[in-house]
Amino acid sequence: MIEGLPEDLIVLAIPEVLASFHACEPNWLAPEEEEERRKHRLEKRHDEWLVGRIAAKRAVQAVTGLPFARLVVRRSEAPENRGQPE
């Protein structure tokens, strides 16, 4: 437990999330996501990007009930969004 955080909040380390996720969700990135993933050269940035995709897809899955592997997170093409995921 980290002091100051709500008791029902779960905090996981990035390596822990990646290890458990890869074990149960093979081929979960869409081709365009895989292409974007390969652009990240630094391991830290690569891992952060993957964990962000996992979090975004899990959130959408919780709301829509769609299968995880069918969800695709793309970079926004709207100039005001500066390539943020959508």
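Helices (H or I, at least four residues) and strands (E, at least two) are DSSP runs, numbered from the N terminus. The model is predicted: local features need pLDDT of at least 70, side-chain atom pairs count only at pLDDT 80 or more, and totals for chains, interfaces and linings use all residues. Residues are numbered from 1 along each chain as its sequence is written, and side-chain values use heavy atoms, with hydrogens and water left out.

**View 1. The protein contains three helices and zero strands.** Read from the N terminus, its elements follow the order α-α-α. Of its 86 residues, 28% are buried (under 20% relative accessible area with a 1.4 Å probe, protein chains only).

**View 2. Confidence is given by pLDDT, the predictor's value for each residue from 0 to 100.** The mean for the protein is 76, and 78% of residues reach 70 or more. Among the elements, helix α1 (residues 14-24) has the lowest mean, 74, whereas α3 has the highest, 83.

**View 3. Helix α3 comprises residues 43-64.** Its 22 residues should span 32 Å at 1.5 Å a residue, and this agrees with the 31 Å between its end C-alpha atoms; the expected span is 1.5 Å times one less than the number of residues. Buried positions in α3 are H46, D47, W49, L50, V51, R53, I54 and K57.

Notes:
Buried < 20%, exposed > 50% of the residue type's maximum accessible area, 1.4 Å probe, protein only.
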